[in-house]
Amino acid sequence: MTLPAPAPPPWQQWDLHPSVVIGLVLLGGLYVYWGGFEAPRRRVASFIAALAVLGLALNGPLHNLSDSYLFSAHMVQHLVLTLVFPPLLLYGTPASVVRPVLQPRWVFRFARWATRPLIAGALFSVPITLWHFPQFYEAALEHHPLHIAQHLIFIATAVIMWWPVLSPVPQLPRASYPTQLVYLFVLGLPMSLAGAMITLSEAVLYPFYTKAPRVWGLTPLADQQLGGLLMWVVGTIYLWAATSVVWFRWSAREESGDAERAVPLEAYWKAEVGTRNAERRG
């Protein structure tokens, strides 16, 4: 008699969370309703990739490992939510989709204030640093609604953080190229500091993981050190790689004889250029 195959461990299950599915459907639905598919194919592909990344980060094995097993997996999840999803979302979202969101006057006023580089950087760096203090981090792990709030804060502040670099609308413009260079470089410093403190700690900072089932033979301290290294090294390198991209874009403009420091209007979306030109002619 053939024995049934052993059931996979719980962290390998591909369960779907209704709140995540509803959020993805709403994002996709608004994108279609407000004309997102009129954007160039590469931008539509970027938006679809953003939804896929968000879905994979908040469902299935990575989410299960993060919630119940490994601090390092949780750190991977946070890096995906803050460093991968927002750039894909902003690059893939045309102005026609953003304008209805900004239409209320109070929303536009808040967005104009929040997306200034100094404010945007602080709105991202302060919460993500505070959430990694042991008392706040443990509270989020123990109370699921607070954990959901933590992720929403990370996503919202990360979108704001990336806005000075990848704004889709000239009404809330991107920072100049020199400002983007300094901005992205400085953003890596708080992440480096927090990651270094976690990595170099000789004690387990998050007792929740001492009671969690062990995976891949990682001890709680080794798991914490790996997670700290991911935040310290991978997160910082990612931001500095983005700095390099900005540098090459600026250099390309100077080589073409366009030495303006401002980001050209064409960088937002070609339909936006046509709209602005028509307004000028009118």
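Serine 192 touches Trp232 and Thr236 in this predicted model, once its neighbours within four places in sequence are set aside. Serine 192 belongs to helix H10. A polar atom of its side chain lies 2.8 Å from the backbone oxygen of glycine 188.

Is serine 192 buried or exposed? With a relative accessible area of 14%, serine 192 is buried, because buried means under 20%. Now follow the chain to the loop between helix H10 (177-200) and helix H11 (220-255), where you will find tryptophan 216. Tryptophan 216 has a relative accessibility of 61% and so counts as exposed, since exposed means over 50%.

Here are the two residues side by side:

| Residue | Relative accessible area | Class |
|---|---|---|
| Serine 192 | 14% | buried |
| Tryptophan 216 | 61% | exposed |

There is something else to look at in tryptophan 216: its phi is near 60°, a positive value in a residue other than glycine. For background, most residues other than glycine have a negative phi.

Let's turn to the nonpolar cores. Which residues touch the most other members of the largest nonpolar core? They are Trp162 and Leu184, in a core of 65 residues. Helix H9 (residues 144-166) gives the most to this core, with ten residues. Apart from this core lies another one, of six residues, including Trp11, Leu65, Ala73 and Val215.

Leaving out neighbours within four places in sequence, tryptophan 162 is in contact with several residues, among them Leu83, Pro86, Leu90, Leu184, Tyr238 and Ala242.

Technical notes:
Residues are numbered from 1 along each chain as its sequence is written. This is a predicted model: local features need pLDDT of at least 70, side-chain atom pairs count only at pLDDT 80 or more; totals for chains, interfaces and linings use all residues. Side-chain values use heavy atoms; hydrogens and water are left out. Helices (H or I, at least four residues) and strands (E, at least two) are DSSP runs, numbered from the N terminus. Buried means under 20% relative accessible area, exposed over 50%, partly exposed in between (1.4 Å probe, protein chains only). A polar contact is a pair of N or O atoms within 3.5 Å; within protein, one must be able to donate a hydrogen and the other to accept it, and residues adjacent in sequence count only if both atoms are side-chain atoms. Contact means heavy atoms within 4.5 Å. A nonpolar core is a set of buried Ala, Val, Leu, Ile, Met, Phe, Trp, Tyr and Cys residues joined through side-chain atoms within 4.5 Å.
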